Amino acid sequence: MDLDMLAGSWPIRPADISVPRLLGMMEHHEVAEGCVASARGIFYDDLAGNSETLAWCEAEPRLVPVGTIDLRRFTGYRDEIRRLTAAGVKLWRLFPEYQGWSFDHAPFRRVLSALEDAGAVLFVYGQPSVVAAATAGARVPVIVGTHFYQMADLLALMEEGTHFYVSTRQLHGPGVLETLVSEFGPERLIFGSGAPLSALGAALKGITAADLAPDVRQAILGGNLRRLLGREP
Amino acid sequence: MTHDRSLSIVDAHAHLGRWPYPIRQGTAADLAAEMQALGVVATVTSHSLAIYYDAVEGNAALAAEIRDFPQIWGYVSVNLNYPEQAEGELERYLGGGSPFRHKFIGVKVHQSLSRRRFDTPEAMAIARAVDRYRVPVLVHTFGSALESPWNVLPAAKANPDVPFILGHMGGEAWSEGARVGREAPNLYLELCSSWTDPEKVRAAIDAVGPERVLFGTDANLFTLAHMVGALEDAGLSGDELRLVMGGNARRLFPDVARMLGEE
């Protein structure tokens with residue numbers, strides 16, 4: 001199960017991120033389920049993007065819907081979180097890396113509170129210590145996406161007890177996965193690829209080639225995320 | 001999908017040495033084991049000590065580390081802030097009588113770690129000096145002005161017999177790397193990056209043809225698996241894969257081809 005997928009159009013570089021391409025990549029790599037958000041919700045209209053995401057996922061059972069709120073628009077966020085929660089959405093993404101807001105932006109606190117009320121899971125990219133400060137005390141499980149160049153920050157926070165989950169997408173440094181598993185257990189790691197913007201094969205091979213026990217690998221590749229989202233069989 | 005082990009992969013961009021991150025600080029033996037596991041038969045490395053701190057110390061460390069590993073080769077690193085030292089290092093490792101010549105087969109320049117662009121007079125002088133040795137020059141390129149692939153173009157045009165490899169193909173600015181590659185026939189595009197955009201590989205081939213695109217991994221900073229997996233998604237034909245994954249590197253580095261018994 002892949003945490004980190006987008007679909008739609010990609011306005012900031014040439015890329016085919018259509019739903020058929022995404023599904024083709026999943027089939028090629030035997031990825032059973034992909035958590036997908038519409039890029040329309042990042043760049044143009046979060047409400048329309050969320051509706052598009054729901055429609056894709058209704059038509060294609062391998063796709064799991066991911067909701068988003070554009071914090072630059074903000075108004076109506078509670079209604080939107082209620083609407084998608086009623087439609088079964090559990091996983092939410094916010095996109096500061098594309099929308100240009102920072103985690104000390106007041107709308108982030110309000111949206112986090114509403115996600116807490118909804119029993120949601122939040123996935124964001126960011127500097128771990130910044131995300132930790134912005135989500136301290138919140139009852140929302142947070143999956144952070146970060147490059148392994150930020151591993152020192154991540155390890156220090158986890159030593160201090162910050163209960164992050166971590167996307168594997170950018171953890172391609174030697175021994176990084178093995179260190180996180182041995183120090184903090186396998187349940188913190190969630191497989192994410194960034195497909196179709198990034199190569200699904202690169203993300204998968206990083207897991208399959210790592211020195212991990214088969215049950216740990218399976219947990220990272222899907223078990224952990226399914227448990228977090230309440231989708232265990 | 002498992003990768004095709006018959007490809008006999010050659011990695012044109014790798015490293016040895018330590019890194020300022022909490023990752024496994026691998027040795028040449030670790031790299032050799034990882035190569036074996038992933039079907040990489042030869043790799044050309046520079047030492048992180050040479051590019052981060054002291055080129056002379058780092059080149060010496062690399063010579064010592066790779067001595068007993070026939071599948072691991074070396075780039076001589078030069079620091080653009082020290083042109084005279086750089087010329088000395090070229091002669092020490094690449095000169096006709098050099099005891100290291102059988103292991104050092106290229107030159108490495110890092111624009112951002114030396115805070116020096118490759119279009120400066122100092123870099124042009126070094127590029128002229130490399131022309132005496134006729135080995136490829138791997139230049140780190142990324143998206144900032146300091147690291148831009150465009151910085152390499154003047155030296156490439158002035159030294160048409162020297163192959164210049166645009167390391168990372170401009171990184172996240174890979175479309176710029178592809179544009180630069182079109183500008184001179186002695187420019188090669190090397191693919192490794194944290195950003196594994198599937199379109200990047202096709203853009204490289206469309207820009208310069210499959211004969212001037214090189215597989216690289218950035219090991220031992222990255223796992224080898226990262227870029228091996230990325231190339232599996234590039235949608236290349238069998239012929240393209242054979243060129244990109246090793247055929248072109250064998251042509252650029254004839255010592256590697258000889259070691260592999262293919263020349």
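Where does A:Ala32 lie? Select A:Ala32 to find out: this residue sits in the loop between α1 and β2 of chain A. Keep in mind throughout that the model is predicted.

**Stop 1: A:Ala32**

Is A:Ala32 buried or exposed? A:Ala32 has 10 C-beta neighbours inside 10 Å, so A:Ala32 counts as exposed. Now show its contacts. Leaving aside residues up to four places away in sequence, A:Ala32 touches A:Met1 and A:Arg62. Then draw a distance from A:Ala32 to A:Leu112. The two are 80 residues apart in sequence, and their C-alpha atoms are 29 Å apart in space.

**Stop 2: helix α1 of chain A**

Step back to α1(A), residues 19-28. After this helix comes A:Glu30, with a positive phi, near 55 degrees.

Which residues of α1(A) are buried? Select A:Leu22, A:Met25 and A:Met26. They cover an arc of only 100 degrees around the axis, which puts them on the same side of α1(A). An α-helix has 3.6 residues a turn, so residues three or four places apart point the same way.

Turn the helix over. A:Pro20 and A:Glu27 are exposed on the other side of α1(A).

What do the buried residues pack against? Colour three elements of chain A: β1 (2-7), β2 (34-38) and α10 (200-208). The buried residues of α1(A) pack against these.

**Stop 3: all of chain A**

Chain A has eleven helices and eight strands. The C-alpha trace spans about 45 × 40 × 35 Å along its principal axes. For 233 residues, a compact globule would have a radius of gyration near 17 Å; chain A agrees, because its own value is 17 Å. Buried residues account for 48% of the 233 residues in chain A. Look at the contacts between residues at least 6 apart in sequence: 65% of them in chain A join residues at least 24 apart.

**Stop 4: the sheet of chain B**

Move to chain B and show the strands. Eight strands form an open sheet, in the order β1-β2-β3-β4-β5-β6-β7-β8, and the pairing is parallel. Which strands stand at the edges? They are β1 (9-16) and β8 (213-214) of chain B. Each has a single partner strand, so one side of each is left without a neighbour in the sheet.

Now select β6 (residues 164-167) and β7 (residues 187-190) of chain B. Three bridges join these parallel strands. Find B:Ile165, then look across to β7(B): B:Tyr188 stands opposite.

**Stop 5: where the chains meet**

Show both chains. In total, 26 residues of chain B are in contact with 29 residues of chain A. On the chain B side, the elements that give two or more residues are α8 (198-208) and α9 (224-232). Which of them gives the most? Select α9(B), which gives seven residues. Colour the chain B side by residue class: 13 residues are nonpolar, eight polar and five charged.

**Last stop: confidence**

Colour chain B by pLDDT. The average is 95, and 97% of the residues score at least 70. Where pLDDT is low, the predicted coordinates should not be read in detail. The model as a whole scores ipTM 0.91 and pTM 0.94.

Notes
Residues are numbered from 1 along each chain as its sequence is written. Chains are lettered from A and ligands numbered from 1 in the order in which they are written. This is a predicted model: local features need pLDDT of at least 70, side-chain atom pairs count only at pLDDT 80 or more; totals for chains, interfaces and linings use all residues. Two residues are in contact if their C-beta atoms, placed from the backbone, lie within 7 Å. Helices (H or I, at least four residues) and strands (E, at least two) are DSSP runs, numbered from the N terminus. Ala, Val, Leu, Ile, Met, Phe, Trp, Tyr, Cys and Pro count as nonpolar, Asp, Glu, Lys and Arg as charged, and the others, Gly among them, as polar. A residue is buried if 20 or more other C-beta atoms lie within 10 Å of its own, exposed if 12 or fewer, and partly exposed in between; C-beta atoms are placed from the backbone. The arc is that of the directions from the helix axis to the C-beta atoms. pLDDT is the predictor's confidence in each residue, from 0 to 100. The radius of gyration is taken over C-alpha atoms; the globule rule is 2.2 Å times the number of residues to the power 0.38. Two strands pair if DSSP finds at least two bridges between them.
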